[in-house]
Amino acid sequence: MKIFKEEQNFRQTWLIVLLLIASIVPVTMMIKKYLKEDSTLSTQEFAITIGVILLSISLIFFFKLTTKIDEVGIHYQFFPLHFKVKTIPWNTISKAYVRKYQPISEFGGWGLRGGFFFNKGKEKAVNVSGDIGIQLILKNGEKLLIGTLLKEEAKRVLETYNSKIN
């Protein structure tokens with residue numbers, strides 16, 4: 001019995017740099033406002049505002065994609081958007097394979113994508129980084145792509161359970 005497990009977080013260097021740059025403007029504006037001689041901003045208001053700016057920017061680092069493939073099916077959770085693990089049983093899957101995809105052109109980026117504003121009515125994706133995913137085509141016609149950084153491991157485990165897809 002083979003089991004595939006993977007956890008991914010948003011930790012890309014480009015994302016960290018982008019968030020740092022994005023935080024410079026609001027933090028600088030607050031510091032300038034606070035340091036003005038005629039400022040009405042109290043130290044407590046200043047500290048709370050800076051804290052809220054930095055906390056809201058760092059929230060992305062709490063997101064975690066967990067994937068597990070076992071004899072029951074494919075399980076995934078994108079915390080904190082999914083509080084419970086979602087399970088897709090093998091008997092609901094018509095096809096499962098690993099493929100390369102274009103995150104921006106196919107889904108509008110990374111995260112929980114599709115089915116809302118971008119890519120409405122097409123397949124959905126849950127991804128954190130990279131351009132490799134576990135593509136699921138369900139018997140009800142829905143498509144779901146779950147991002148992975150462990151391409152070869154995912155392929156091997158999917159091959160193991162290929163007989164469970166009927």
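Is Ile21 buried or exposed? Ile21 counts as exposed, because its relative accessibility is 51%. Here buried means under 20% relative accessible area, exposed over 50%, and partly exposed in between (1.4 Å probe, protein chains only).

This is a predicted model, in which local features need pLDDT of at least 70 and side-chain atom pairs count only at pLDDT 80 or more, while totals for chains, interfaces and linings use all residues. Residues are numbered from 1 along each chain as its sequence is written, and side-chain values use heavy atoms, with hydrogens and water left out.

1. **Surface patch.** Ile21 sits in helix α1 (residues 13-35). Helices (H or I, at least four residues) and strands (E, at least two) are DSSP runs, numbered from the N terminus. Val17, Ile21 and Ile24 make a nonpolar surface patch of about 270 Å². Patch residues have over 30% relative accessible area and no salt bridge; like charges are joined within 9 Å, nonpolar side chains (Val, Leu, Ile, Met, Phe, Trp, Tyr) within 5 Å. Areas come from the Shrake-Rupley method with a 1.4 Å probe; for residues, only the protein chains shown count as cover.

2. **Buried side of α4.** Ala154, Val157 and Leu158 are buried in helix α4 (residues 151-160). They lie on the same side of α4 because they cover an arc of only 100° around the axis. That arc is taken from the directions from the helix axis to the C-beta atoms. The buried residues of α4 pack against β1 (4-9), β2 (64-69), β3 (73-79), β5 (93-100) and β8 (132-138). Contact means heavy atoms within 4.5 Å.

3. **Lys64 and Glu7.** A salt bridge is a side-chain nitrogen of Lys or Arg within 4 Å of a carboxyl oxygen of Asp or Glu. The count comes to five. In one of them, Lys64 pairs with Glu7, with the closest N and O atoms 3.8 Å apart. Lys64 is in strand β2 and Glu7 in strand β1, so the pair ties together parts 57 residues apart in sequence. Lys64 counts as partly exposed at 28% relative accessibility; Glu7, at 53%, counts as exposed.

4. **Asp131 and Lys100.** These side chains meet in a salt bridge (3.5 Å, N to O). The pair links distant parts of the chain: Asp131 is in the loop between β7 (124-127) and β8, Lys100 is in strand β5, and they are 31 residues apart. Asp131 is partly exposed at 28% relative accessibility. Lys100 is exposed at 56%.

5. Salt bridges with shared partners join Arg99, Glu106 and Glu123 into one network. Arg99 and Glu106 meet at 2.8 Å, N to O. Arg99 counts as buried at 17% relative accessibility, whereas Glu106 counts as partly exposed at 25%.
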